[in-house]
Amino acid sequence: MTNIVLSNLFIKIFIAGTLISFAINHLLEFIDMRARIKNSGKLPEELNGIAEAAVFDTEKLAKISAYENAKYFFWIPRSICSLALTLILVFSGYYPWLFNMTCRLTGSPSDLFSSYFCALIFFICAGIPASILSVPFDLISEFNIEKKFGFSNMTIKMWISDQLKGLALSTVLAAILIFAMILVLVKFPGSWWVLLVCVMFALTLVLQVIYPLVIAPMFNKFTPLEDGELKERISALMKNLGFKSSGIFVMDASKRSGHSNAYFGGLGKSKRIVLYDTLIKQLTTDELVAVLGHELGHYKMHHITRKMCIMLPLELVIMYILFRIAHGTSIYTGFGFEIADVPVESIQFIGLFLASLVAESLSEILSPVVNSSSRHDEYQADAFSAKLTGSPDALISGLIKLNSENLNELLPPKLYVLWNYNHPTLVERIKALKTSKK
């Protein structure tokens, strides 16, 4: 341990938050595993009388349980290694050492460009250990678990290509974001907390526009949906709701995975509807329209806009707190940084980085609040789809098929759902849809 001050408030919060989050996750996963053993082979009574629920035969229920168990027992060593790496990087003094080495290469951060290159190299190198650790686990997950259960169609060549593209893309985006951050920190030292939120918000909007046009096509092929009943039904639905888009596209998701999904991407003229080719194969036209009706429900009920209206002032409050922390010396000395002869104003990006470590250690504790809000929106979108299509039956059957095809758990414990699910479970959604039908 090098110069870490254990009595420092930020170090205490970091240690407590990290260990508590680790314990919560392991307790919840163990509770979920015990529930799977207890409910093994059991079909929820809410599915009785639904013809499509016949897909959940004994073999399917056993496969769902086996898939969840495989992910759980693989997750245990991964989470332990991740915890160990997090603590080693902090208590070995890796971050102060990295900062000192970076300063030797770029010079002390005293102006815009020296600060930028210092921050860029620091942030990239700070993320390298976690990236290296994730490689073997990602390979095992993709080529062992996902292939074993019939999901992965990935090849080693494709996996390496995706990793290289992702690395190049993340490096470019990081370079842009870090430059914007350093520019604001250096030019507006007394008000950067407001401007930084504005910059982040603006960059988010820009990414929303360019993602479907530039980023997504780097990994997948998008082709316009062929003319036919499905396209006519979706187009009529969009016209009825006043939803304008640049088109309806099919993504070749099956070349990588058997998992299925649909989403709305983009902003303004780049806005589009994307259907996974796996989804089109799995669902009927009525079910697909019902699933898209759910997604349109988020749009018509302004869920995304509402979240942005909530998050923007919240981010301002959080950024102001970070601003105050970064202007003090306690967080730097607590994590072992020697700043006696360094103006704090010139290394505030380090303060932001350290504050993010502390905040991340506490994020798990806030998960129930965030996920509860998300589940509320999903219920509303389901109800919207049922009303839009005139009946919840198509959405119910579509959700059953998606749950079956993706091998999602049927009876997870309520505590586990409260903490980890941003969507209601299949059983909860069917109960709500049946109630709306009555």
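**Close-up views of a predicted model**

**View 1. The second largest pocket.** Helix H4 (112–148) and helix H5 (156–187) each contribute at least two residues to the lining of the second largest pocket. The model is predicted: local features need pLDDT of at least 70, side-chain atom pairs count only at pLDDT 80 or more, and totals for chains, interfaces and linings use all residues. Residues are numbered from 1 along each chain as its sequence is written, and side-chain values use heavy atoms, with hydrogens and water left out. The second largest pocket holds about 450 Å³ of space. Its lining has 18 residues, and Ser131, Gln163, Gly166, Leu167 and Ser170 are the closest to its centre. By class, the lining splits into ten nonpolar, seven polar and one charged. (Pocket: on a 1 Å grid over the protein atoms alone, an open set of points with protein on both sides within 12 Å along at least five of seven lines; cavity: a set where a 1.4 Å probe fits but cannot get out; lining residues have an atom within 4 Å of a point.) (Volume: the space filled by probe spheres set on the points, with grid points joined across faces, edges and corners.) (Nonpolar: Ala, Val, Leu, Ile, Met, Phe, Trp, Tyr, Cys and Pro; charged: Asp, Glu, Lys and Arg; polar: the others, Gly among them.) (Helices, H or I with at least four residues, and strands, E with at least two, are DSSP runs numbered from the N terminus.)

**View 2. The largest cavity.** One cavity of 30 Å³ or more is counted. H2 gives the most, with three residues. The lining divides into six nonpolar, four polar and three charged.

**View 3. Strand E2 and its partners.** Strand E1 (residues 222–224) pairs with E2 in the antiparallel sense over three bridges. (Strands pair if DSSP finds at least two bridges between them.) Proline 224 has phenylalanine 249 as its bridge partner in E2. E2 and strand E4 (residues 272–276) run parallel, joined by four bridges. In E4, valine 274 is the bridge partner of phenylalanine 249.
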